Each structure stands twice: as C-alpha cells, then as structure tokens.
Amino acid sequence: MSLEVHITKKLNNFTLKADLSSDGSCTGILGESGCGKSMFLKCIAGIETPDTGSIVLDGQILFDSTKKINLPPQKRNVGYLFQNYALFPSMTVAENIASGIQAGKRFFSRREKEHIQAIVKEQIERCRLQGLENQYPSSLSGGQQQRTALARMLAVNPSMIMLDEPFSALDSHLKDAMQKEMHEIIRNYPGNVLIVSHSRDELYRLCSSLYVMSQGSFIKNGAIKDVFSTPGSIKAAVLTGCKNITPIRKINDHLLEAPEWGLKLSPAAPVTEEITHMGIRAHFFHPVIPSDPKTENQFQAQIVQLEEQPFEYDYYLKTAEGTQTFVWKTHKGSGPERKPGDWITFHVSPEDVMLLTE
C-alpha cells in the first residue's frame, strides 16, 4: 500500500505546496486551523482540484496535471470522514451505511440486496451500532454519529481512509473512548490512513508517522516520536506543544547559553551555526534527588508562580541570573508539594535539549 502526493494549489492567503509519501501506515497531519490541512485531504479525495502535481494511490494515478488525469471522487476508492460526518438526516443508520454501496444505482437483484444487507450487518457489528439500525441521525449521540459515518465509509472497502478532525465534534468525555475505538479500527485496517488534526495528543496516540503543516507547506515529517523529540524549527516545536523556547548563544559545538533563562546547557547534538533557539518541554525538568545525583545540565531555579490544573501543576521558574520564566509541568502526587518562593535544583538530560532554527 503506497500513497504519493505532490501538489500545489493557490489559496486565498497562501499556496498549498505539499509533498507526502506513505507506505500504508497511519499518518497524521498536524497544523493550526486554516493552514491547508483539510484542503489537502479534499484534493486527494477529488472534491477539490490541485493546480499542478500528481496523486498516486497504490500505483493508480488519481490526478496528474501533466497527463491531464483527474478521476472523479467516486472512482478514487478513497474513504473520507468529514468533520461534521455528513450523514443523510432522512435515512436511518442502516440506510446511511448502505447508501455508499448503492451509490449511482436504483434497482438491485435479490442477490445484490442480500449482499448489501450482509455488508451493513458486518459494519454495524464492527462499529458497535447494534440496536441503532433504525434510528435517525438526529436521535444519535455525537459518538454514535461518528461510528455511523465511519461504518458507511468502511462499507465500500476503500483503498485508503482519511479522517478530518475526527474528534472535534465530540464532548471531551467521549474523546478518550472514541480514540480507543478508532485505534482498534485503524490497527485492523490494511490500507493507508491519513488523519488531520490540530490536536497533537490525538495524533500521537493514533499515528506512527507525522507531517507538520504551516501555511500550506510541510515543515517537518518523520516517525512521530522523532518529530516530537527533534522538531527542528521554532514553528514545529510550537505546533508539537513545546512551552519553553528561548534564544541561545553558541559557546562551542557542545555548549550553549540561554541568556534570558540564565542557563548554560549541553545538548546531545552539536550546536551548528544555524541554531538560533532551544526548546525544552515542560515535563523534561527533573528535580535532583539526593540519592541519585545528576551532574549534567544542573541548575537552581525558584518557583515564582503556581497554576493548578485538574491533574497537574504548572510551575513558573526563574533562575537567579535569568530575566524570563519557563514552565515546569508535573503530575499531582508525583513528588512533594512545592510553593512559590521554593528553590529547587534541577537537571535536564542532553537529549531533551531541542536545537531549533527560525
């Protein structure tokens, strides 16, 4: 299973210029709202037409501007789950699922009807919709609507599936359960999967590879853990959730200074000339334990502000020499209680010092 996309499309405020390759894994596309993520999916689905480029799925050309090939959506065999699910309000759950299989045809033989009924039954069981077959979308919960739309998409046995902000319409208490269910469906799906989201947590949980998009272009891609550990640029670091980013001054290839934080740190990777900033994720500051002393990247900082979250504390830290604060996040119950005014000795692993370019 393979997908190759190389397209450009002029939009109102920028040009979508995107290159993506997938080998059948679940790939996430992360970016802020309005950066071109949904347009990218619509171009693959055939709902929108790129200005130039090509889209090839499992060796079949879906679009090629030079060869003047542009297959209509119904011939691309691509499943697309819309943000609002796009269920037919006048059809029951079973009828919605069957609608994709029946598209373009009005009359069916007895054998065809039995085949369609068998597929619908299979998808109802697969997506846990038993007992809802005769319900209409207006009487379904958000999670039930999503599972119905997913069942309709899978019923046509698509070569790939694309999910556009699949959890954005769900209440927060439903998201965890639906993500777990989606993970199971994706794990058993043999084709390519693309998931678009502005939520890094959703993509990290579901995907094995990640593309980070900004203003219509992919600025970083790779295995998802690699992208989070080495985002490479300030923008990619911000989009992947880094709370602490500061300008640096290179001292040598293995030592840098962060003047605003009053720190000198040694990263694991060499400090090259193009590095302008560093980032440290808020969970990567570790208090030094007397029984397990650390000498690398050790410093003292004072808590100047505390913000309590439902399950975490956000501590704003400042060193004696620093002019700016940085954030340390810690789970409740993971250590002794701290309060503003406390001084703590920390260490940061060299692998957790992210070197960034502008």
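In the predicted model, F285 is buried, with a relative accessible area of 1%. F299 is likewise buried, at a relative accessible area of 8%. The structure holds 13 aromatic pairs, and F285 and F299 form one that is edge-to-face, with 6.3 Å from centre to centre and 90° between the planes. This pair links distant parts of the chain, since F285 lies in the loop between β16 (277–279) and β17 (286–287), whereas F299 belongs to strand β18 (residues 298–308), 14 residues apart.

F299 also pairs with F346. The ring centres of F299 and F346 are 5.8 Å apart and their planes meet at 25°, so this pair is stacked. It too joins distant parts of the chain: F299 is in strand β18 and F346 in strand β21 (residues 343–347), 47 residues apart. Both F299 and F346 are buried. Ring pairs connect W261, F285, F299, Y313, Y315, F326, W328 and F346 into a cluster. At one member of this cluster, Y313, a charged side chain is also found: K332 lies over the ring face of Y313, 5.4 Å from the ring centre.

Helix α1 (residues 37–45) was examined for burial. Seven of its nine residues are buried, so the helix is largely enclosed by the rest of the structure. The buried residues are K37, M39, F40, L41, C43, I44 and A45. Just after α1, G46 adopts a positive phi of about 95°.

Eleven salt bridges are found in the whole structure. In one of them, the side chains of K235 and E32 meet at 3.0 Å, N to O.

Other salt bridges lie within a helix. E125 and K121 meet at 2.7 Å, N to O; being four residues apart in helix α3 (residues 110–126), they are separated by about one helical turn. E125 counts as partly exposed, at 40% relative accessibility. In helix α5 (residues 172–187), E184 and R187 are three residues apart and thus separated by about one helical turn. Their closest N and O atoms are 2.8 Å apart. E184 is partly exposed, with a relative accessible area of 37%, whereas R187 counts as exposed at 55%. Elsewhere, salt bridges that share partners join K250, D253 and E273 into one network.

Notes
Residues are numbered from 1 along each chain as its sequence is written. This is a predicted model: local features need pLDDT of at least 70, side-chain atom pairs count only at pLDDT 80 or more; totals for chains, interfaces and linings use all residues. Side-chain values use heavy atoms; hydrogens and water are left out. Buried means under 20% relative accessible area, exposed over 50%, partly exposed in between (1.4 Å probe, protein chains only). Helices (H or I, at least four residues) and strands (E, at least two) are DSSP runs, numbered from the N terminus. Rings of Phe, Tyr and Trp (its six-membered ring) pair if their centres lie within 6.5 Å; planes under 30 degrees apart count as stacked, over 60 as edge-to-face and the rest as tilted. A charge sits over a ring if NZ of Lys or CZ of Arg is within 6 Å of the ring centre and within 35 degrees of the ring normal. A salt bridge is a side-chain nitrogen of Lys or Arg within 4 Å of a carboxyl oxygen of Asp or Glu.
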